[in-house]
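Biologist: Could you put the model up and take me through how the inside is packed?

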Amino acid sequence: MHTQKLSEHISIIDLKPVGLEKFIGSYVLKGEKATAIVETGPTCSVPNLLSGLREIGIENDDVDYVMVTHIHIDHAGGAGTLLAHLPKAKLVVHPKGAAHMINPDKLWEASKQVLGRVATAYEKIEPVPQNRVMTPTDGQTFDLGDSLQVKVLETLGHASHHLGYFENETRGVFQGDAAGIYLPQLDVTIPTTPAPFNFELTMSSIKKMEQLQPQRLYYTHYGPLDNAVGRLEKYRGQLDLWAGVVSEAVKRGDSEDSIYKQILEHDRQMKTALDFITKHLVLREGVLMQNIQGYVDYFRKKSLA
Ligand SMILES: [Zn+2]
């Protein structure tokens, strides 16, 4: 069993890429009229996603929408491979990400460059046929039946092609990477802020989610959590703390290594997570440093502006 029912209409599939449990999840929303999947995960875990659908009792031709929060390989890299198995499904993706899903050559090259052997382990990104791609507008609603609705929320900042999805049954937001990575093993949240990270846009996207007064956050990395508004506020606090440390360090001209140490000194959640991160198959491959780099780039550019 690698699926879990979370509410009447919503289930999670633990994709277990490269055997990693509770790291990447796909969510399945099944209404009487339509079925949607949120997040594909990478290509390597598509077989687990498909067997998860079986476990939940969904046939391949039941799936109408495959919604991705953004086109990073760990969220959408499996879209092309998955859609080849789901004859009726359309891919729902931010307009800025669509071209890269249709022709993923550049995205695949960039993934290999940034993630190195993690990208190779996640496996190649296959193209999605153009006629199967939908690019929704901010606020657009998908009616899945049983009064289950999914509303698209443009939530930029982590990436320039990031969407969230709000559903009205549990008042939950599928937040993608807009509100961080939750490590259920430690009950800790860590920022996900690789370059080109935009601090201001990230903060306004989090506030935009808070304004909906959601009750639950569905983390792709990983799992559902209640007290959504409190968690979003707390994540903003964590990002603010990093902003304070990094902007001062950039003014002083501190090295990235020094900034790394300063973050660990100031952010208790990061300190708690450090040992876990250094042993984690994916996170240990420089994820922490990439997040710091995203911040450093942002505040360096800002100080030059
Ligand atoms: Zn991402």
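Predicted model: local features only at pLDDT ≥ 70, side-chain atom pairs only at ≥ 80, totals over all residues.

Biologist: OK, which residues touch the most other members of the largest nonpolar core?

Modeller: They are Leu 53, Leu 86, Leu 91, Met 101, Phe 199 and Tyr 295, in a core of 80 residues. A nonpolar core here is a set of buried Ala, Val, Leu, Ile, Met, Phe, Trp, Tyr and Cys residues joined through side-chain atoms within 4.5 Å, and buried means under 20% relative accessible area, with a 1.4 Å probe and protein chains only. Helix α8 (residues 228–252) gives the largest share of this core, ten residues; helices are DSSP runs of H or I with at least four residues, strands are runs of E with at least two, and both are numbered from the N terminus.

Biologist: And what does Leu 53 touch?

Modeller: Leaving out residues up to four places away in sequence, Leu 53 touches Ile 13, Val 28, Ile 37, Ile 58, Asn 60, Val 63 and Leu 86, where contact means heavy atoms within 4.5 Å.

Biologist: Which residues of α1 are buried?

Modeller: In helix α1 (residues 46–56) they are Val 46, Leu 49, Leu 50, Gly 52 and Leu 53. They sit on the same side of α1, because they cover an arc of only 155° around the axis, taken from the directions from the helix axis to the C-beta atoms. Their cover includes β2 (10–14), β3 (25–30) and α3 (79–83).

Biologist: Switching topic, at what angle do α8 and α9 pack?

Modeller: The angle between α8 and helix α9 (residues 256–266) is about 150°, and their axes are 10 Å apart; axes are lines fitted to C-alpha atoms over the stretch in contact, and angles run from 0 to 180 degrees between N-to-C directions. Among the residues making the contact are Trp 242 and Val 245 of α8 and Ile 259 and Ile 263 of α9.

Biologist: Last one: is Met 270 buried or exposed?

Modeller: Met 270, which is found in helix α10 (residues 268–279), is buried, with a relative accessible area of 1%. Not counting residues up to four places away in sequence, Met 270 touches residues including Trp 242, Ile 263 and Leu 288.

How values were computed
Residues numbered from 1 in each chain as written. Heavy atoms only, no water. Buried < 20%, exposed > 50% of the residue type's maximum accessible area, 1.4 Å probe, protein only.
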